[in-house]
Amino acid sequence: MKHWPEYLAEALGLGLFMVAAGVVATVLDSPSSPLHDWIANADLRRVIGGVAMGCTAIGLIYSPWGKRSGAHLNPAVTLAFLSLGKIRARDAAFYALAQFAGGLVGVLLVAGLLGDAFATPPVSYAGTVPGPLGTGAAFVAEFAMSCGMLLAVLWVAGHPRHSARAGLVAGLLVALYISVEAPLSGMSMNPARSFASAAPAAAFDHLWIYFVAPPLGMVFAARLHGWLRHSRYTGCAKLVHDPSIPCIHCGHQP
């Protein structure tokens, strides 16, 4: 467990993301929130929420703990880097465990603080569920978003001149996806994020979508990137590689 600081950073990162997601969802969508009445347009509330969560993702990626672990914050991202040979299997397993644990603790913390406003509909623990078009559309949307996200991140992170902007790209896509796609699938891309919301509500009916589509999409993106670039990904498993911070993935020491 010598890499426990990285595992803890992953747990803390997704935990804080879920705290932010829970607070934002409650403030914007709970009928008991004054802001819900002030901003009557649901589409506008969704865009505001998307911008807030995109900024949260960027902040976490560029935070000291995000730079320490690489800010995967998502088992699908970790699995994709494992498929590229950029993270050890043991580290990948503990990253995933930390992500699931951190996300769940974050949701339970918000539930304890905000109570029924967060736990009851329409917020419902900030859960991700298929929209009116059904499970098929949700599955395709989650696969496509996940593929697009990782492909963009790998493309930028693997470019020497632009690698430091990979976190910005990820955050901007989070904001865009929430603003545009959320009505189709709830916008997850993350098995641990969806599990964290589903577990307290015992809402497991559609959880398989978020356990299957995002990992498939991101692993496919990892392979597609190599095919498009005609070479294997040469970067690190970190979204942002700060040379002043040691790296358990590539062995860098400052």
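**Entry 1: a pair within α3**

I started with Asp-43 and Arg-46, which sit three residues apart in helix α3, so about one helical turn separates them. Helices here are DSSP runs (H or I, at least four residues), numbered from the N terminus. The side chains of Asp-43 and Arg-46 meet in a salt bridge, 3.1 Å from N to O. For that term I noted the cut-off: a side-chain nitrogen of Lys or Arg within 4 Å of a carboxyl oxygen of Asp or Glu. Side chains of opposite charge can pair when their charged atoms come close.

I also looked up accessibility, where buried means under 20% relative accessible area, exposed means over 50%, and partly exposed is in between (1.4 Å probe, protein chains only). Asp-43 is partly exposed at 45%, and Arg-46 is partly exposed at 23%.

**Entry 2: what I'm working with**

This is a predicted model, so I kept in mind that local features need pLDDT of at least 70 and side-chain atom pairs count only at pLDDT 80 or more, while totals for chains, interfaces and linings use all residues. Residues are numbered from 1 along each chain as its sequence is written, and side-chain values use heavy atoms, with hydrogens and water left out.

**Entry 3: other salt bridges**

How many salt bridges does the structure hold? I found five. One of them joins Asp-29 and Arg-45, with the closest N and O atoms 3.2 Å apart. Asp-29 belongs to helix α1 (residues 4–29) and Arg-45 to helix α3 (residues 42–61), so this pair ties together parts that are 16 residues apart in sequence. Asp-29 is partly exposed at 30%, whereas Arg-45 is buried at 10%.

I checked Arg-88 and Asp-91 too, and their side chains meet in a salt bridge at 3.7 Å, N to O. Arg-88 is partly exposed at 48%, but Asp-91 is buried at 2%.

**Entry 4: α8 against α9**

Next I looked at helix α8 (residues 135–157) and helix α9 (residues 166–185), which pack at an angle of about 170° with their axes 10 Å apart. The axes are lines fitted to C-alpha atoms, for helices over the stretch in contact, and angles run from 0 to 180 degrees between N-to-C directions. α8 and α9 are therefore roughly antiparallel to each other, a label for angles over 145 degrees.

Contact means heavy atoms within 4.5 Å. Among the residues making this one are Ala-138, Met-145 and Met-149 of α8, and Val-169, Leu-173 and Tyr-177 of α9.

**Entry 5: the core**

Which residues touch the most other members of the largest nonpolar core? I got Met-53, Phe-81, Phe-118, Met-149 and Met-187, out of 60 residues in that core. A nonpolar core is a set of buried Ala, Val, Leu, Ile, Met, Phe, Trp, Tyr and Cys residues joined through side-chain atoms within 4.5 Å. Helix α1 gives the most to this core, with ten residues.

I then followed Met-187: setting aside neighbours within four places in sequence, its contacts include Thr-128, Met-145, Val-174 and Arg-193.

**Entry 6: a glycine in α6**

Last, I looked up Gly-103, which is found in helix α6. Is Gly-103 buried or exposed? Gly-103 is buried, at 0% relative accessibility. Gly-103 and Leu-12 are 91 residues apart in sequence, yet 8.2 Å apart in space, C-alpha to C-alpha. Leaving out neighbours within four places in sequence, I saw Gly-103 in contact with Leu-14, Gly-15, Met-18 and Ala-196.

Note on methods:
Helices (H or I, at least four residues) and strands (E, at least two) are DSSP runs, numbered from the N terminus. Angles under 35 degrees count as roughly parallel, over 145 as roughly antiparallel, 65 to 115 as roughly perpendicular and the rest as oblique.
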